[in-house]
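Me: I would like a close look at a single part of this model, the sheet. Please go through it strand by strand.

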Amino acid sequence: MKKGGRPAVSSPQARVDEFDKEPFEARIEQNKIFCKACCDVFKTDRQTINSHIRSNKHLANKKTYRAGQVQPDVRAAVESLLRYALDW
Ligand SMILES: [Zn+2]
């Protein structure tokens, strides 16, 4: 058991923490979870989340989302390399 008297229904934040490898965001005011990769909002029950993260749509979106996240860093690295090269 976790500390504190938490209600049986999990809060969106608790689910986001639980599925911390997923690009989720807590929508506390709606008591729902938002998937940043799919731009989808869904309920906080584990079954809904599990079926979402197993869906082909989510897996595909997650790949694109991750790739989109990596790109700016790569671009910055390339730019700093180019700047370094130009200084020579
Ligand atoms: Zn998703």
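To begin with, how many bridges join strand S1 to S2, and do the two run parallel or antiparallel?

Reply: This is a predicted model. Strand S1, residues 24-27, is joined to S2 by 4 bridges, and the two strands run antiparallel. Within this pairing, Phe 24 stands opposite Cys 35 of S2. S1 and S2 make a hairpin with 4 residues between the strands, where Asn 31 adopts a positive phi near 55°.

S2 itself covers residues 32-35. In a regular strand, side chains alternate between the two faces of the sheet. In S2, Ile 33 and Cys 35 make up the covered face, whereas Lys 32 and Phe 34 make up the uncovered one.

Ile 33, from the covered face of S2, has Phe 42 in S3 as its bridge partner. S2 and S3 form a hairpin too, with 4 residues between them, and Cys 39 in that turn has a positive phi of about 55°.

Taken together, the strands form an open sheet of 3 strands in the order S1-S2-S3, with antiparallel pairing. S1 and S3 are at the edges and have a single partner strand each, so one side of each lacks a neighbour in the sheet. From one strand to the next, the twist averages 30°.

Terms used
Residues are numbered from 1 along each chain as its sequence is written. This is a predicted model: local features need pLDDT of at least 70, side-chain atom pairs count only at pLDDT 80 or more; totals for chains, interfaces and linings use all residues. A residue is buried if 20 or more other C-beta atoms lie within 10 Å of its own, exposed if 12 or fewer, and partly exposed in between; C-beta atoms are placed from the backbone. Two strands pair if DSSP finds at least two bridges between them. Axes are lines fitted to C-alpha atoms, for helices over the stretch in contact, and angles run from 0 to 180 degrees between N-to-C directions.
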